Amino acid sequence: MRYLPLNTQDRSSMLATIGAAAIDDLFVDIPEEARLTGPIHGLPMHAPEMAVERHMKALASQNLVAGDVPFFMGAGAYRHHVPASVDHLIQRGEFLTAYTPYQPEIAQGTLQMLFEFQTQVARLLGCDVANASMYDGSTACWEAIGMARRITKRATALLSSGLHPHYVGVAKTMARFTGDALVHQAPSLTPETDIAGLIGQIDKNTSCVVVQYPDILGRVDDLSALAQAAQAAGALLIAVVTEPVALGALRSPGEMGADIVVGEGQSLGVGLQFGGPYVGLFGCKQKYVRQMPGRLCGETVDAEGKRGFVLTLSTREQHIRREKATSNICTNSGLCALAFSIHMTLLGERGLRGLADVNHAMAVTAAERLEKVAGVKLLNANFFNEFTLVLPKDARSIVRALADRKILGGVSLGRLYPEEADLANGLVVAVTETATLDDIEAFATNLEELLA
């Protein structure tokens, strides 16, 4: 989008319309001492367009592009191969320019796509019903906590130590305004999850238990006992999935009894994109559907008996009394949800299972090779495509040194938990189908040199 400046006549006309003699008159209400009197410190003065373009390109060239170097970063955002057909299809005008489907008679394509997306998400998560998407995984997690409070009439949520710290941060921010009490502590570098400890903490004030699957350290555990313990106490189990490809190989949280399953759908159809936009997934048991936030598309028949689709539930303030709304979310991540749905459709069930198998096999190969590096310990007893290494020194310095060698070698726990000194040596490594054996060897060889 080009910036087209106004000319003197344009400015004079606008000022005359609002009754101001000069632009300075627009700032008379701002105290003199608060007004800017010169250039902004550290911000360069104006420059020609071509000079600005060259400068911005030079800055961009300092980035390491995920597809150009060995890439092992994850921790909630994963690099997968997205078929070219996904990008081609989402750019069709019917989808790219479509707006909120308030009028079903002219939005059948959008509504049908969302209905298919819901069906795929419900099957993937093992839930009875899923909505038409949320903004991202972290906000979906918070919405689930709020939903549990409405259902149970309780306000204490137990957050697993294995829950992504960014998700915890969003929940803490929102809880300041709702009065929810959140019980959480940082993880410890042990092969075991904290499920046994969570079961022991559940009491009559617990609204829900929130657990990530696989967790932030890549650990995988059976959620069945936790689901039973929570439900026996009148609480709900909320499972968070940040890597949906894992569900091509692992039992879904819904199968293990989770009441609400949420997560991040970025892995399928959506590129890394510097952190967004992404697409939140949200599913639950049928009996809780009217407390579910966001939109839900349903299938029906019209007056002539023809199949059609409509917004069945959209419990938000624009449609009903604000005090009755379950959430203030105003839309869904339509285009990203479409990308997710197209990728899922192209894969099919067999393709998703095959993709999961490749991810796990590559991760096992990488873990076995990296564990052979002197001083490196593999934390996990089991994992899908992500695991944690314990290094003999601060992992942040190693990640930086690897980046200088054109290798993006994982996410340091010190970056995720800067206040937790005990976690400083932890390195979370993700390995997807995009990694090659040469990439793994380059990672391991350079790690050996840096730790020597």
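Colleague: Is Arg369 buried or exposed, and at what relative accessibility?

Modeller: Arg369 counts as buried, at 18% relative accessibility, where buried means under 20% relative accessible area, exposed over 50%, and partly exposed in between, with a 1.4 Å probe and protein chains only. Please keep in mind that this is a predicted model, in which local features need pLDDT of at least 70 and side-chain atom pairs count only at pLDDT 80 or more, while totals for chains, interfaces and linings use all residues. Residues are numbered from 1 along each chain as its sequence is written, and side-chain values use heavy atoms, with hydrogens and water left out.

Colleague: With which residues does the side chain of Arg369 meet in a salt bridge?

Modeller: Side chains of opposite charge can pair when their charged atoms come close. Here a salt bridge is a side-chain nitrogen of Lys or Arg within 4 Å of a carboxyl oxygen of Asp or Glu. Arg369 meets Glu441 in such a bridge, at 3.0 Å from N to O; this pair links distant parts of the chain, with Arg369 in helix H10 and Glu441 in helix H13 (residues 437–451), 72 residues apart. Helices (H or I, at least four residues) and strands (E, at least two) are DSSP runs, numbered from the N terminus. Arg369 also meets Glu448, at 3.3 Å from N to O, and that pair again joins helix H10 to helix H13, across 79 residues. Glu448 is partly exposed, with a relative accessible area of 31%, and Glu441 counts as partly exposed at 35%.

Colleague: How many salt bridges does the rule give, and which residues do shared partners join into one network?

Modeller: The count comes to 14 salt bridges, and those that share partners join Arg123, Glu349 and Arg353 into one network. Another bridge pairs Arg35 with Glu32, whose closest N and O atoms are 3.8 Å apart; Arg35 counts as partly exposed at 30% relative accessibility, whereas Glu32 is exposed at 59%.

Colleague: How should I read the nonpolar core, and which residues touch the most other members?

Modeller: In soluble globular proteins, nonpolar side chains tend to be buried together. A nonpolar core is a set of buried Ala, Val, Leu, Ile, Met, Phe, Trp, Tyr and Cys residues joined through side-chain atoms within 4.5 Å. The largest one has 56 residues, of which Val209, Leu223, Leu226, Leu237 and Phe340 touch the most other members. Among the elements that each supply at least two residues are helix H5 (108–125), strand S4 (206–212) and helix H10 (334–371), and the largest share, ten residues, comes from H10. If residues up to four places away in sequence are not counted, Leu223 touches Ile195, Val211, Tyr213, Leu237, Ala239, Pro253 and Met256, contact meaning heavy atoms within 4.5 Å. Apart from this core lies another, of 31 residues, including Trp142 and Val262.

Colleague: How many disulfides does a search of the whole structure find?

Modeller: A disulfide is a pair of cysteine sulfur atoms within 2.5 Å, and a search of the whole structure finds zero. The sulfur of Cys208 is 8.3 Å from the closest cysteine sulfur, that of Cys141, and therefore too far for a bond; Cys208 is buried, with a relative accessible area of 0%. Cys297 is likewise in no disulfide, the nearest cysteine sulfur, in Cys284, being 15 Å away.
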